[in-house]
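Student: Before we look at anything in detail, could you show me how to read a structure feature by feature, with the general idea ahead of each case?

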Amino acid sequence: MGVVTYDFEVSSPISPARLFKALVLEADKLFPKAAPHAIKSVELEGNGGPGTIVKINFADGLPFQYVKHTVEGQDKDNLSYSYSLIEGGPLGDKLEKISYDNKFVAGADGGSVCKSLMKFYTVGDCTFTEDEIKEQIQRMDGVYKAVEAYLVANPGVCN
């Protein structure tokens, strides 16, 4: 097994606390509303904190039916969240899991920056290329931008 590490940042006009609440604390309710074109439903096995299993069911017609991840850490005070994708989605035959360590910080423009450290754990001697990493980020970015647009259009949500 090998590990490929990738740092990624994305800026948003939404404040760090509000974005954390939307993407972490209320994702099970918000994702299907904000991104119905991509997400059919979100199911939780647990209270949302460490140890919780989250299953995201994708809309019909998308390349994947679902993903499951396990919550590894959640710090509401420091706006950080870590989890590992453990089943479904892009894992296939090449990846055992993908781990994410995310932190939401204030951006220079009054919004926020989500800083993410991604670790791709490959199966055996498989490789995972930068192009494959970028493809994975592009998929996630579609939901991220949909949530961001939903929050802009609904200023009373996740305050």
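Tutor: Let us begin with exposure, where the relative accessible area, computed with a 1.4 Å probe on protein chains only, makes a residue buried under 20%, exposed over 50% and partly exposed in between. Gly46 is exposed, since its relative accessible area is 52%, and it sits in the loop between strand S2 (39-45) and strand S3 (53-58). Gly46 and Val71 are 25 residues apart along the chain, with 9.7 Å between their C-alpha atoms.

Student: What kind of model is this, and how are its residues numbered?

Tutor: This is a predicted model, in which local features need pLDDT of at least 70 and side-chain atom pairs count only at pLDDT 80 or more, whereas totals for chains, interfaces and linings use all residues. Residues are numbered from 1 along each chain as its sequence is written, and side-chain values use heavy atoms, with hydrogens and water left out.

Student: How should I read the names of helices and strands?

Tutor: They are DSSP runs numbered from the N terminus, with at least four residues (H or I) for a helix and at least two (E) for a strand. Over residues 1-153 the chain is 27% helix and 42% strand, and the end C-alpha atoms are 44 Å apart. For that range, 1-153, an unreviewed UniProt entry lists "domain: Bet v I/Major latex protein"; UniProt positions are given in the numbering used here, feature names are shortened, and annotations may be inferred rather than shown by experiment.

Student: Which strands pair with S3, and over how many bridges?

Tutor: Two strands pair if DSSP finds at least two bridges between them. S2 and S3 are antiparallel over six bridges, with Val42 having Ile56 in S3 as its bridge partner, while S3 and S4 are antiparallel over five bridges, where Lys55 stands opposite Lys68 in S4. S3 is also mostly covered, as five of its six residues are buried.

Student: How many residues lie between the strands of the hairpin formed by S4 and S5?

Tutor: There are four residues between S4 and S5 in that hairpin, and the two strands pair in the antiparallel sense over eight bridges, one of which joins Val67 to Gly88 in S5. S5 then forms a hairpin with S6, with six residues between them and a positive phi of about 55 degrees at Gly89 in the turn. S5 and strand S6 (residues 95-106) run antiparallel and are joined by six bridges; Tyr83 has Tyr100 in S6 as its partner.

Student: Which residues other than glycine have a positive phi here?

Tutor: Most residues other than glycine have a negative phi. Leu79, although not a glycine, has a positive phi of about 55 degrees; it belongs to the loop between strand S4 (66-75) and strand S5 (80-88), and it counts as buried because its relative accessibility is 14%. Cys158 also has a positive phi, near 65 degrees, and it lies in the segment after H3, where it counts as buried at 6% relative accessibility.

Student: What is Asn102 in contact with, leaving aside its neighbours within four places in sequence?

Tutor: Contact means heavy atoms within 4.5 Å. On that basis Asn102 touches Leu79, Ser80, Tyr81, Tyr83, Cys114, Lys115 and Ser116. Asn102 is in strand S6, and it counts as buried because its relative accessible area is 11%.

Student: What lines the largest pocket, and which helix gives the most to its lining?

Tutor: On a 1 Å grid over the protein atoms alone, a pocket is an open set of points, where a 1.4 Å probe fits, with protein on both sides within 12 Å along at least five of seven lines, and lining residues have an atom within 4 Å of a point. The largest pocket is lined by 46 residues, of which Phe31, Ile56, Tyr83, Met140 and Val143 lie nearest its centre. Helix H3 (residues 130-153) gives the most to this lining, with nine residues.

Student: Is Glu148 buried or exposed?

Tutor: Glu148, which is found in helix H3, is buried, with a relative accessible area of 12%. Beyond its neighbours within four places in sequence, Glu148 is in contact with Ser11, Ser12, Pro13 and Ile14.
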